Amino acid sequence: MAAPACERPLRMAVEQRPPYLYMNAEGQMQGSDIELVRAILQQAGCTLELLPELPRRRRYTMFLAGEIDILPAASMTAERREVAWFTAPYFVEAVALFALPEKAPKLRDIKNFEDIRSRGIGVISQSFGWFGEGFEAHKPALRNDGLLSHYDQLGHALQMLKAGRGDLVLADRAAMRQLLLRQKLNLVELDYLPMQGSARLMLSKRSVTEAQFKAIDAALQKLDESGTLKQIRSRHGLQ
């Protein structure tokens, strides 16, 4: 199956976020997103071009302008559907809350963000992104109560947690687990998951045609049914 409008490679900006995207010892980008997206595009008759790493907000601005074609690991929202095509899911993502071991015993029983706010628990979240409806609903109140701090890179979140800038880090579960493993650090993951759901490829409507999108989406579903995507996900510890 060849996409009728793939005369050029489709562009995706990278971000250091193991196990999804990271630079190996040879200075080359690798990770689950690169392997998965390349396999899907190849099945659709397209190729992938990796752009340099950019700040998240700048990356999204370029996506809206059609200067970036693909944003991986995206959550589908009504607002985003106005500007983007969304493929079928290609892996299951989860957002978790992490605490220092010495503070975890008093935080393990947290059930939701209303609980967090009422108990005056500080949260450290990424400055840009979607972390579930519960967090989005309570974010203004947490900010007004002085209970919300932000990080840009996951490593900064660990520094902020150790410095007492908050009691909990809100982060992608797989990315945080990978970081803790690499740095040989120990944080406690709470049982409450603010978000667990389908991650999709988001394709810019400014630069990707509907015909391209349909070809890519069909290729993704074919590879998922054949077990090819599952094999790639398993190698990186993803569902």
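Start with the lining of the largest pocket: by class, it has 22 nonpolar, ten polar and 14 charged residues. Here Ala, Val, Leu, Ile, Met, Phe, Trp, Tyr, Cys and Pro count as nonpolar, Asp, Glu, Lys and Arg as charged, and the others, Gly among them, as polar. A pocket is found on a 1 Å grid over the protein atoms alone: it is an open set of points where a 1.4 Å probe fits, with protein on both sides within 12 Å along at least five of seven lines, and its lining residues have an atom within 4 Å of a point.

The model is predicted, so local features need pLDDT of at least 70 and side-chain atom pairs count only at pLDDT 80 or more, while totals for chains, interfaces and linings use all residues. For your selections, residues are numbered from 1 along each chain as its sequence is written, and side-chain values use heavy atoms, with hydrogens and water left out.

**Stop 1: the largest pocket**

Select Arg56, Gln126, Phe128, Gly129 and Trp130. Of the 46 residues that line the largest pocket, these lie nearest its centre. The volume of this pocket is about 1100 Å³; a volume is the space filled by probe spheres set on the grid points, which are joined across faces, edges and corners.

**Stop 2: the second largest pocket**

Now select Arg173, Ala174, Arg177, Gly237 and Leu238, which lie nearest the centre of the second largest pocket among its 17 lining residues. Two elements give two or more residues each to this lining: β7 (91–99) and α7 (173–183). Helices (H or I, at least four residues) and strands (E, at least two) are DSSP runs, numbered from the N terminus. The largest share, five residues, comes from α7. The lining has eight nonpolar, five polar and four charged residues, and the pocket has a volume of about 230 Å³.

**Stop 3**

Is Arg173 buried or exposed? Arg173 is buried, with a relative accessible area of 16%. Buried means under 20% relative accessible area, exposed over 50%, and partly exposed in between (1.4 Å probe, protein chains only). Leaving aside neighbours within four places in sequence, Arg173 is in contact (heavy atoms within 4.5 Å) with Ala94, Val95, Ala96, Phe98, Glu189, Leu193, Gln196 and Gln239.

Next pick Met176, also in α7. Its relative accessible area is 0%, so Met176 is buried. Not counting residues up to four places away in sequence, Met176 touches Phe98, Leu154, Leu158, Val169, Ala171 and Leu187. Draw a C-alpha to C-alpha distance from Met176 to Val95: the two are 9.5 Å apart in space and 81 residues apart in sequence.

**Stop 4: helix α6**

Select residues 154–162, which form helix α6. Which residues of α6 are buried? They are Leu154, Ala157, Leu158, Met160 and Leu161. These residues lie on the same side of α6 because they cover an arc of only 165° around the axis; the arc is that of the directions from the helix axis to the C-beta atoms. Turn to the face away from the buried side to find the exposed residues Gln159 and Lys162.

To see what covers the buried residues of α6, show β7, β8 (123–126), β9 (148–151), β10 (168–172) and α7, which are included in that cover. Just after α6, Gly164 takes a positive phi of about 80°.

**Stop 5: the disulfide**

How many disulfides does the structure hold? It holds one. A disulfide is a covalent bond between the sulfur atoms of two cysteines; here a pair of cysteine sulfur atoms within 2.5 Å counts as one. Select Cys6 and Cys46, which are joined with an S to S distance of 1.9 Å. The link of Cys6 and Cys46 is right-handed, with 70° about the S-S bond. Cys6 is in the segment before β1 (10–13) and Cys46 in the loop between α1 (32–44) and β4 (48–51), so the pair, 40 residues apart, links distant parts of the chain. Both Cys6 and Cys46 are buried.

**Stop 6: backbone details**

Go to Pro18 and Pro19, which are joined by a cis peptide bond with omega of about 5°. Pro19 is in the loop between β1 and β2 (22–23).

Then select Ala73 in strand β5 (residues 70–74). Ala73 is not a glycine, yet has a positive phi of about 50°. Ala73 is buried, with a relative accessible area of 15%.

Finish at Lys184, in the loop between α7 and β11 (188–189). Lys184 is not a glycine either, and its phi is positive, about 55°. With a relative accessible area of 78%, Lys184 is exposed.
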